Number of protein chains: 4
Amino acid sequence: MSNTLGNKLRVTVFGQSHAPAIGAVVEGLPAGMRPDMEALSAFMRRRAPGRDATATARSEADAVEIIAGLNEHGETCGAPVVGVIRNTDTRSRDYSNLYRSPRPGHADFAAWEKFGDARDVRGGGQFSGRLTAPLCFAGALAMQFLQEKGVAVAAHIARLAGIEDDAPDPVHPVFPLYAPDAFPVVNAEAGEKMRAAILEAKRAGDSVGGVVRVLATGMPAGLGDPMFDGLENRLAAALFGIPAVRGVEFGEGFRAADMRGSEHNDAFTVEDGRIVTKTNRHAGALGGITTGMPVVCRVAFKPTPSIAIEQKSVDLQTRKEIPLVVGGRHDPCIVPRAVSVVEAVTALVLADMILEGAM
Amino acid sequence: MSNTLGNKLRVTVFGQSHAPAIGAVVEGLPAGMRPDMEALSAFMRRRAPGRDATATARSEADAVEIIAGLNEHGETCGAPVVGVIRNTDTRSRDYSNLYRSPRPGHADFAAWEKFGDARDVRGGGQFSGRLTAPLCFAGALAMQFLQEKGVAVAAHIARLAGIEDDAPDPVHPVFPLYAPDAFPVVNAEAGEKMRAAILEAKRAGDSVGGVVRVLATGMPAGLGDPMFDGLENRLAAALFGIPAVRGVEFGEGFRAADMRGSEHNDAFTVEDGRIVTKTNRHAGALGGITTGMPVVCRVAFKPTPSIAIEQKSVDLQTRKEIPLVVGGRHDPCIVPRAVSVVEAVTALVLADMILEGAM
Amino acid sequence: MSNTLGNKLRVTVFGQSHAPAIGAVVEGLPAGMRPDMEALSAFMRRRAPGRDATATARSEADAVEIIAGLNEHGETCGAPVVGVIRNTDTRSRDYSNLYRSPRPGHADFAAWEKFGDARDVRGGGQFSGRLTAPLCFAGALAMQFLQEKGVAVAAHIARLAGIEDDAPDPVHPVFPLYAPDAFPVVNAEAGEKMRAAILEAKRAGDSVGGVVRVLATGMPAGLGDPMFDGLENRLAAALFGIPAVRGVEFGEGFRAADMRGSEHNDAFTVEDGRIVTKTNRHAGALGGITTGMPVVCRVAFKPTPSIAIEQKSVDLQTRKEIPLVVGGRHDPCIVPRAVSVVEAVTALVLADMILEGAM
Amino acid sequence: MSNTLGNKLRVTVFGQSHAPAIGAVVEGLPAGMRPDMEALSAFMRRRAPGRDATATARSEADAVEIIAGLNEHGETCGAPVVGVIRNTDTRSRDYSNLYRSPRPGHADFAAWEKFGDARDVRGGGQFSGRLTAPLCFAGALAMQFLQEKGVAVAAHIARLAGIEDDAPDPVHPVFPLYAPDAFPVVNAEAGEKMRAAILEAKRAGDSVGGVVRVLATGMPAGLGDPMFDGLENRLAAALFGIPAVRGVEFGEGFRAADMRGSEHNDAFTVEDGRIVTKTNRHAGALGGITTGMPVVCRVAFKPTPSIAIEQKSVDLQTRKEIPLVVGGRHDPCIVPRAVSVVEAVTALVLADMILEGAM
């Protein structure tokens with residue numbers, strides 16, 4: 001289901017960058033939940049552009065109108081909750097360039113192969129990072145549901161342009177990881193270096209990538225199903241839906257490949273009568289099933305493909321190489337804004353697993 | 001769908017390590033395909049234990065009986081193809097130990113949380129690596145289908161115990177990557193070092209992990225759907241179904257996070273009238289949609305959790321810490337045998353995308 | 001998937017009778033299709049109330065705004081097509097009555113059991129017949145797609161209040177079955193009797209039911225999959241999604257139960273080089289797979305449960321019997337308006353099967 | 001999912017009439033359930049041929065071997081339960097006739113259109129009624145699960161060759177409807193007439209159809225989801241998976257179309273503190289959601305298409321009409337044997353809804 005995520009809590013994302021609107025249909029939320037619109041707005045603002053010199057100049061209010069799914073008291077009534085965000089700041093411009101030649105690193109070429117001339121090239125169409133706004137709308141609802149279940153989700157920039165943030169304790173992480181309006185890192189000093197690196201890349205007409213780490217505490221044990229519907233399968237499939245993601249790893253991830261079993265295995269122990277592990281390299285799931293330990297996942301983002309530096313493309317009609325300069329407003333690094341998107345997607349998957357696992 | 005992989009080509013895996021049988025139901029293969037049973041057996045032998053001193057001593061013929069899905073001429077007839085592998089070498093032993101305390105790093109604990117005392121503890125039950133045999137059966141059928149479509153899939157050990165194999169050219173990889181019965185590496189010398197490292201770990205009663213790289217050539221462009229049903233979403237979800245996988249990355253993966261856009265973007269060019277990229281850091285998919293360039297994916301495997309060294313576990317009844325020594329026959333490293341499993345799963349996903357994308 | 005219909009052509013319906021809006025997300029239409037907005041409006045008008053004294057007095061423009069899914073030229077671009085219909089004529093009224101006691105024959109009671117006090121009682125909430133408007137929007141798009149494939153779908157009132165319409169020839173039906181703005185019957189005289197019966201029931205404060213027959217010509221042979229994904233499975237599951245449907249039968253349906261094999265079997269013959277059946281009691285599918293003969297299906301609608309006559313209900317709080325008089329504007333018979341809804345749903349299923357079956 | 005039924009309790013049916021085996025994979029049963037093999041065998045015997053002169057002469061033991069899914073104590077362990085039935089009594093014969101010309105009323109022609117010459121023509125291949133044996137295996141497991149939840153399912157022949165059985169009280173049906181080994185009717189006298197009608201048709205080389213009514217008591221209220229995942233959608237989709245089904249109706253079904261609202265609506269009342277309806281024309285679901293009242297559903301079966309009388313077919317190669325005489329062993333009426341199949345499918349759907357609805 002290409003635009004749909006989830007089994008019991010299902011989100012269908014729609015819209016294109018320059019269509020009249022973008023939005024999401026959220027099915028499966030329990031009836032009687034009253035969406036906290038202020039928390040929702042605050043969460044969406046974290047993703048929104050225009051907060052910072054490191055982000056795109058496009059300024060969108062990203063105000064969500066909920067056009068269906070609530071009863072007269074503003075509570076979920078069992079019907080799908082539908083949020084619509086109008087696309088207001090869509091500059092009218094000349095797209096003939098994009099029709100002609102695909103931007104390296106973008107979905108343009110693949111979209112042309114799939115949809116031909118009918119593809120929507122305006123602002124990246126349905127491949128625009130803007131489509132992550134409805135994901136955040138849906139994720140904010142999932143977060144609220146999770147909160148009631150004692151589950152907390154938080155992410156930070158683990159690495160950006162080679163600069164590492166401090167890693168939270170995987171066994172007993174302390175939330176929040178940073179102040180509400182702060183740059184999303186644990187170590188503010190590292191954050192300053194990251195910001196400097198972004199601005200430096202921007203000045204060079206270039207872009208940088210990074211890694212987001214997300215943690216979730218309070219997940220009940222015993223959720224997830226072998227072999228293809230476990231925590232990792234579901235979370236990875238969902239996270240690869242965020243534009244620019246190139247890798248997903250759990251716990252020690254690729255570092256586990258260099259370890260010995262005796263180093264990697266987490267010993268069991270008992271804490272307050274509960275069976276837990278002393279360390280948390282397994283990151284909250286064994287055999288795809290949750291253990292009750294924190295979920296820890298790292299997500300690699302490539303550098304934004306839209307750069308000001310001239311690149312080599314081809315003319316789709318003449319099939320000749322041509323130089324390409326990408327115009328428009330672009331983030332030199334999407335990673336700071338992607339932090340809340342990773343949280344949103346993680347919350348959606350975990351909420352789905354809780355709703356589905358209930359018996 | 002926990003035990004099922006795929007949309008149009010669907011595989012449902014069943015069985016436990018010590019049940020009468022394991023197997024797979026394969027739906028959606030085109031009618032009229034004649035399974036090449038010799039190629040199938042050869043492929044399954046690559047995964048089978050007992051080939052090498054580096055693997056488990058358990059010796060299973062892994063002979064598949066196809067009990068349904070073929071017509072009287074041995075061709076697929078449109079009905080589900082069902083392969084059954086009898087579990088013959090299941091030593092009768094005392095499992096009270098496993099009922100009592102979960103093995104660190106194994107699914108034992110999670111299975112207990114999920115299924116309670118009814119879980120099948122014998123040989124790891126449904127979490128056994130043995131369940132990858134039916135995946136290979138299904139994958140071999142998918143491979144045969146892909147071959148007819150001009151798609152080739154090949155994997156090798158990219159890294160093991162810190163030792164790197166040579167990386168095939170991601171733009172024009174040359175298959176096969178190694179001789180049919182050879183250790184699955186490009187660089188035989190690196191392979192020798194890996195084998196030595198495995199044996200060394202075995203002697204120490206320990207285990208090692210590694211990374212498998214899989215490549216696929218010949219995929220048509222334009223397959224896969226945004227946002228949650230693209231190549232990466234589907235391949236990642238499937239690969240995390242292989243026991244012990246901890247990370248999946250495409251192209252530059254986590255290394256992309258340290259690159260600049262100008263370094264990472266693949267310039268377009270024209271080759272024999274076809275639009276291609278000069279480099280292949282995007283690894284065959286942009287926006288989740290195939291570009292026609294080779295698919296390149298790396299899969300991280302943790303070290304086998306079953307080690308001879310004494311570990312710390314807990315008694316599930318008394319909730320007290322107890323020491324645990326894991327007996328039985330175990331691989332000191334599953335990575336060499338996992339190579340064909342990664343190929344099988346990749347083949348299943350790619351074949352599914354081709355069958356689904358057809359229009 | 002409760003609000004979603006289809007595999008490859010997928011429709012997700014949303015909204016409640018008195019929410020800000022109702023609508024549908026339509027995924028899977030081929031890119032490059034230009035929705036014929038006039039045909040779409042004309043189709044939706046057939047379902048709309050207010051056309052006739054036999055229908056509800058509620059007058060809704062049912063104007064659809066397509067907020068996503070089209071490119072700048074008004075063509076489908078591969079992204080989900082989203083149509084939104086604002087609910088404008090939602091009279092503000094007192095719903096305390098409905099909170100208190102469920103209307104016999106309505107979903108009120110079941111909704112209360114499922115969603116408790118959070119259910120949306122206003123105008124029937126998500127169970128309102130109004131939700132069939134987005135189905136017609138989606139169905140009109142499917143019809144346009146089918147037209148290009150040479151498939152035609154048409155329905156009529158087969159029976160209403162015991163009055164039978166003429167049955168079109170199941171082997172060679174002639175479309176259209178009636179003039180564009182006419183009462184949807186083949187035999188105008190029977191139609192007059194039906195209208196009289198509806199008005200008579202209305203005067204009595206009562207309602208009547210009926211049967212809609214839908215036919216589809218031009219379906220390719222070989223579509224549909226045994227055992228649970230054949231034509232009948234899919235069409236029946238979809239048609240039971242229309243409010244008030246109580247029965248679905250194909251070809252001779254329940255009459256087949258009284259026939260002998262020699263009477264029911266359709267003999268094969270050859271017509272213009274094509275293998276066809278002389279009669280069409282099998283109604284276009286054998287073993288769930290299309291044969292290329294017309295699809296013929298009958299759908300039974302119960303009488304509208306909303307009647308003016310006093311009925312017996314219970315007070316949900318006190319759990320005591322109370323009399324109930326249902327107010328508001330209601331159709332004494334929904335069957336005439338249901339004709340286009342049956343066409344829409346049938347078109348969606350058939351288009352889905354064509355898109356899915358392609359290989 | 002063509003061969004798969006259900007969301008949380010999922011059954012995948014496999015096999016062909018003359019393949020080595022037929023069987024089913026049953027996923028989603030709670031762990032710790034001990035299949036009552038005797039009850040299972042007894043249930044399967046009800047479907048098995050050879051019990052009666054009215055049925056086919058083919059005699060199959062239909063012994064199920066459970067090859068996976070149970071732990072060492074014979075309990076479900078959370079892994080898929082797989083039952084395999086070997087096809088033993090498959091007479092070797094000449095199928096050239098069937099390759100050449102399709103049997104009227106059978107899936108032969110549709111299978112040829114779909115699978116071409118690779119279709120399995122032996123004994124009807126995957127379209128054989130024999131595939132209902134694995135459905136009964138799965139259904140017997142579902143029945144056992146339902147029993148623990150207080151849900152009972154029972155069916156009878158409501159009508160056969162125009163002869164009506166007595167209808168059980170839809171409000172308070174009394175189970176069992178008939179003695180364990182009796183002909184499956186409430187009114188033994190009607191049963192005798194039905195048997196006589198079957199034998200009469202058999203003597204004439206012909207066949208007869210009938211209607212099966214299934215009832216289920218004890219279903220919790222509030223299960224099922226609008227608009228496409230309600231009780232009727234799911235049950236109808238599943239029941240149309242049984243070979244020869246031509247119609248499905250709930251409660252008054254097609255008779256409701258001739259009723260007035262005042263006749264059809266079920267008044268609410270209170271019984272032992274529970275809100276119930278006085279009558280049960282709605283048959284246990286309103287708006288697709290269960291009300292807690294008995295589920296009542298009627299299923300129409302066409303007469304067996306395999307008749308001894310000469311029929312008209314075509315030669316698929318020459319495309320010329322040819323006469324056809326169908327040989328082999330065939331039921332002159334499948335309805336008596338279909339009774340337990342209808343029960344099985346109903347049980348599977350209801351168990352799935354209970355497992356899925358749990359929260």
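**The interface of chain C and chain D**

Mentor: In this predicted model, chain C and chain D bury about 7800 Å² between them, and carbon and sulfur atoms give 62% of that area. On the side of chain C, the residues that lose the most area to chain D are C:Phe228, C:Arg246 and C:Phe268, which together make up 11% of what that side buries. The contact draws 102 residues from chain C and 102 residues from chain D.

Let us turn to how the two copies are arranged. Chain C is superposed on chain D by a rotation of 180 degrees with 0.0 Å of shift along the axis, and the RMSD is 0.0 Å. This is the relation of a two-fold axis. Moreover, 100% of the interface residues of chain C are also interface residues in chain D, so the copies meet through the same surface.

Consider next the polar side of the contact. Across the interface, 43 residue pairs are in polar contact, and the count of salt bridges between the two chains is 10. One of the salt bridges joins the side chains of D:Lys114 and C:Asp225, with 3.8 Å from N to O. Sorted by class, the side of chain C that touches chain D has 49 nonpolar, 30 polar and 23 charged residues.

Strand E9 of chain C, residues 245-250, pairs with strand E9 of chain D, residues 245-250, in the antiparallel sense over 3 bridges. Within this pairing, C:Glu249 stands opposite D:Gly247.

Notes: Residues numbered from 1 in each chain as written. Chains lettered and ligands numbered in written order. Predicted model: local features only at pLDDT ≥ 70, side-chain atom pairs only at ≥ 80, totals over all residues. Heavy atoms only, no water. Least-squares fit on C-alpha atoms with pLDDT ≥ 70 in both. Contact = heavy atoms within 4.5 Å. Buried area = accessible area lost by both parts, 1.4 Å probe. Salt bridge = Lys/Arg side-chain N within 4 Å of Asp/Glu carboxyl O. Polar contact = N/O pair within 3.5 Å; in protein donor to acceptor, adjacent residues only side chain to side chain. Nonpolar A, V, L, I, M, F, W, Y, C, P; charged D, E, K, R; others polar. Pairing = 2+ DSSP bridges. Helix = DSSP H or I, 4+ residues; strand = E, 2+ residues; numbered from the N terminus.
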